[in-house]
Amino acid sequence: MQLLFESLFNGVAIGSVLLIAALGLAIVFGLMGVINLAHGELIMLGAYTTYVVQLIFKLPAMQPLYSFYVLVAIPIAFITSGVVGILLERTVIRRLYGNPLETLLATWGVSLILQQFVRSVPLAQAAGLVLALALGFSLPLLLPQKLLQGSRNRLIRFGSWCLSALVGVLFASILGSQISRIARATSRNVDVTAPKWMRGGIEWMDLTFPVPRLVIIVITIVAVLGVTWFLNRSVWGMRIRAVTQNRSMSDCLGIPTDTVDVLTFGIGSGLAGVAGVAVSLLGSVGPNVGTSYIVGCFMVVVLGGVGNLLGTVIASFAIGLLTDLIGAGRLITIWPDMPAPLERVVQFFATTSMAQVMVFALIVVFLQFRPSGLFPQKGRMVEA
Amino acid sequence: MTMPLLELRQITVSFDGFLALRDLNLNLKPGELRAVIGPNGAGKTTFLDVITGKTTPSEGDVMFKGRSLLGTREHRIARLGIGRKFQSPRVFEKLSVQENLALAVSCPKQPWSLLVGGLNGNQRDQVYHLMSIVNLQNRADWAAGSLSHGQKQWLEIAMLVGQDPDLLLVDEPVAGLTDEETDLTADLLKSLAGDHTVLVIEHDMEFIRRLESPVTVLHQGHVLCEGTMDQVQADPRVIEVYLGTTEENNG
Amino acid sequence: MFESFTTRTKQRFCWPQLLLWVVVIAVIVAAPVVLPVFRLNLLGRFLSLAIVALGIDLIWGFTGLLSLGQGIFFAVGGYAAAMYLQLNSSEGQPNGIPEFFSLYGVDRLPFFWEPFHNPVFTLIAIWFVPALLAAVLGNMVFRNRIKGVYFSILTQAALLVFFNFFNGQQKLINGTNGLKTDVTQLFGQMIGSPEMQRGFFWLTCLMVFLTWFFVRWVVRGRFGDVLIAIRDDEPRLRFTGFNPTLFKTIVFAIAGGLAGIGGALFTVQSGIVSPQYMAVPFSIEMVIWVAVGGRGTLVGAIFGAVAIMYTKSLVSEAWPQGWLFIQGGLFILVVTALPEGVIGWLKSDGPRNLLSRIGFVRPIGTYPQLEMDGQDEVQT
């Protein structure tokens, strides 16, 4: 019984990290047909955001609120990755819709640039840049529509970008002067320390549940529920689904497809930022932290069936449970007197990386029988 | 009576509960020319999908030359002697007209024979002959993607003929063609019948009339009636399904 | 001379091509004399990568299959060569097996090492094992009509599987440390010696030529037309009576075999093979060689691999931080602005268009071809 719970908990914990990491990808890939290989780097940005937020909360002025920095980091990470995602969509992806292989290559280029960016640019300046971008994108939306009409439009837009840049520079220099650790560029990994209440674990039935894991599970549940609600119940969610199904028809019906694209990609990227918060709680944060997740994320989406949120959820938990079952060698504990050759095989795969080998191999075998995943898209329009 | 070349027995196709075809029966004799008409959504294209192996029926059987085609993959069905022209012209756009036709007439279609040898004399003659039939001999080295819509239609018909199948399934061959081209296409298909068995799906009633062939009317996935064009047009059920369309053509 | 899928006119003999050939041959002859051993060695390595690039061009440029897992076949070829070399020079070692085994307390050679005592077997295994692997993996995917991005994602996952596997198996193939070849012996000489390296350079040049002729032979004629047809419209090809699965499996196997040959040549010239050859970024980098050079043009693949790798080594020496920015920028540039690649751009009158846009050359007035038979209007 104890073993069952322990195994179940570990599996769910691994699965929820996968799920939160893959959630944004499922939206971007499933709804927009964009293969975003920079998704891992957006996760990485979220993790770095958590680190910066943590340092800000360590400042004497913010010290009393330190224990809650994780909660503050979540929305900020969402915005950071979302803004970078929107920038990516506006500059590169927009030209490549309907051409998944090209998006794959272009976003890989973006991911390389982002990796080198966090190595070569001080985090303080990076934070300033993100703030400037966020302001620059949002200021025109905050202004009254009347102001933006007519000939002044360009001037006002230009002015708002100038203002944002100024704020960004100010913010960067203040951050840099206050927190020496992020004033200089470094390619070393950094560590996010959890606040006191998140250390240790909760004891229940002779079992210890590490609190960070529990926090991640909660974050994941909230994110999945939020996304489900947004896509299925809100007006913009409906518009997003409409554009996914028939872009030109949506255009004719007056849905602003351009805005929908930005929004969808922004949300998908923002979710990667949230995943970054979760990832930062698990280990040290470095420029390469995202790359270790990206392949797993794609496997989750493909296994679940592209464009199916429920499939993504089930697939990530299935992969999580399986990884734990194989990687921790639990099969031997469950069945102690298995035949020796079999035991040797089980032991062979009983490490984290070998478990991944096994799980991926199993997924490929599974796709032999169900080529379009657990929940394939049905209907007569699927294959042209 | 000879054995039918193609026989569809009680074919039912269901897409998530929606019945695209239900209980469809159809026989084609060798050398026959048959036209199939039906309003949109009657299941005309699905019906070709079933014959060519793209869609597996949930019930029923397809017999070709006395053997069942169920479970046979598309390329094998094509090699057995069933050729298909698609609704919107589908040619290999990056290949030239000549290369498109060369692929169609190639035989055997195995990697090794394609790798080591060129076309033999007969096949080369066949390619030139086909190009002259469809009036594309001056376009031989043009990329097929740069042809006009009508030229693509004809190229695809030429490819179909080049495959030399026993059964030609022709889906909307004259959509987007001029009147003159339409007449030529009708003559071409008529000349093919006899040696080949031809099944034509079309919306253009004048064209169907010109084919002077038996007509099968599909409606909501099954056969509404069969007969000559005049019989069919007089059938009250057909008039009901088509509303004014037949009247218009009569007038 | 070069195969292209957009314009397929008869190739005629012309002077620039002859000149190009003369230059290429002159460079190859002069390189060992002019270049220091270090540079020559780099050039040799990059040329062996060009062989891999030719394979990628075959499957991606012509057939439209974007594989992100060519590193598997590359590394397997490298391991095959390295295993033979290790065995060949391990006579003095304890138990007569390569030295590293003793670190992990292994005193018997793992079974799959045994055939690599034989040089002929090794020469065959270098290309045959990767090709077979590619055929099996490819067939599993193609059979289910998994294509496009799904194929790319699955090849990437397969790559990660192999990477993890090789990385974790110390007792079988020395795990993450890889197998060294530069201190091993062949024909009584050290692999790492300048003489041997020069020999490998010649061998690599020869192999690039042979590969180029081979791939050119494959893509010319109707077999190549079928590949292009697969890229254009695979379902249609099926209804014409061809079996695309078979063709795709064959070209994927060819590309795998070429990657294996490239991997073996790369290994002997860089002195080591390690699981890093199967790192995810490296395999994607291979794609950019072909993309920059020009997919669908064979010379483009060779040019792209050598040019990019050479730039990489120059930039990395001068400005180590800069390379990832440049490489990332290249990826974005090549899909947004230069989809045909450099060679494709040159062939499609790119320079003239650019010059005329800047204002150097007056644009040539082009007229539609005169129609001799008075046929209907020219459609474009």
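Modeller: Two strands pair if DSSP finds at least two bridges between them. This is a predicted model.

Colleague: In which sense do strand 9 and strand 10 of chain B pair, and over how many bridges?

Modeller: At least two bridges are needed before two strands count as paired. Strand 9 of chain B covers residues 215–219. One of its residues, B:Val217, has B:Cys225 of strand 10 as its bridge partner. Strand 9 and strand 10 of chain B pair in the antiparallel sense, over five bridges.

Colleague: Which strands stand at the edges of the open sheet in chain B?

Modeller: The open sheet has six strands with mixed pairing, in the order 6-7-8-3-9-10. Each edge strand has a single partner strand, so one side of each is left without a neighbour in the sheet. The two edge strands of chain B are strand 6 (82–85) and strand 10 (222–227).

Colleague: What is the average twist from one strand to the next?

Modeller: The strands concerned are those of the open sheet in chain B, ordered 6-7-8-3-9-10. From one strand to the next, the twist averages 20 degrees.

Colleague: At about what angle does helix 7 of chain B run to strand 8 of chain B?

Modeller: Helix 7 of chain B, residues 179–192, lies across strand 3 (33–37), strand 7 (167–171) and strand 8 (197–201) of chain B. Angles here run from 0 to 180 degrees between N-to-C directions. For helix 7 and strand 8 of chain B the angle is about 150 degrees.

Colleague: What radius of gyration does chain B have?

Modeller: Chain B has eleven helices and ten strands, and its C-alpha trace spans about 55 × 45 × 40 Å along its principal axes. With 251 residues, a compact globule would have a radius of gyration near 18 Å, and the value for chain B agrees, at 18 Å.

Colleague: How many residues does chain B give to its contact with chain C?

Modeller: Helix 2 (74–80), helix 3 (97–105) and helix 4 (111–116) of chain B each give two or more residues to the side that touches chain C. That side divides into twelve nonpolar, nine polar and nine charged residues. Chain C gives 28 residues to the contact, and chain B gives 30.

Colleague: Which element of chain C gives the most to the side that touches chain A?

Modeller: In this contact, 34 residues of chain C meet 35 residues of chain A. The side of chain C has 21 nonpolar, twelve polar and one charged residues. Two or more residues come from each of helix 6 (149–168), helix 11 (280–293) and helix 13 (322–336) of chain C. The most, 13 residues, come from helix 6 of chain C.

Colleague: What percentage of the residues in chain C are buried?

Modeller: Chain C has 15 helices and four strands. A residue counts as buried if 20 or more other C-beta atoms lie within 10 Å of its own. Of the 380 residues in chain C, the buried part is 49%.

Colleague: Which element gives the largest share of the largest nonpolar core?

Modeller: That core has 305 residues, and C:Ile302 is among those with the most contacts inside it. Beyond four places in sequence, C:Ile302 is in contact with residues including C:Ala50, C:Val208 and C:Trp212. The largest share of the core is 17 residues, from helix 1 (residues 2–32) of chain A.

Methods: Residues are numbered from 1 along each chain as its sequence is written. Chains are lettered from A and ligands numbered from 1 in the order in which they are written. This is a predicted model: local features need pLDDT of at least 70, side-chain atom pairs count only at pLDDT 80 or more; totals for chains, interfaces and linings use all residues. Two residues are in contact if their C-beta atoms, placed from the backbone, lie within 7 Å. Ala, Val, Leu, Ile, Met, Phe, Trp, Tyr, Cys and Pro count as nonpolar, Asp, Glu, Lys and Arg as charged, and the others, Gly among them, as polar. The radius of gyration is taken over C-alpha atoms; the globule rule is 2.2 Å times the number of residues to the power 0.38. A residue is buried if 20 or more other C-beta atoms lie within 10 Å of its own, exposed if 12 or fewer, and partly exposed in between; C-beta atoms are placed from the backbone. A nonpolar core is a set of buried Ala, Val, Leu, Ile, Met, Phe, Trp, Tyr and Cys residues joined through C-beta atoms within 7 Å.
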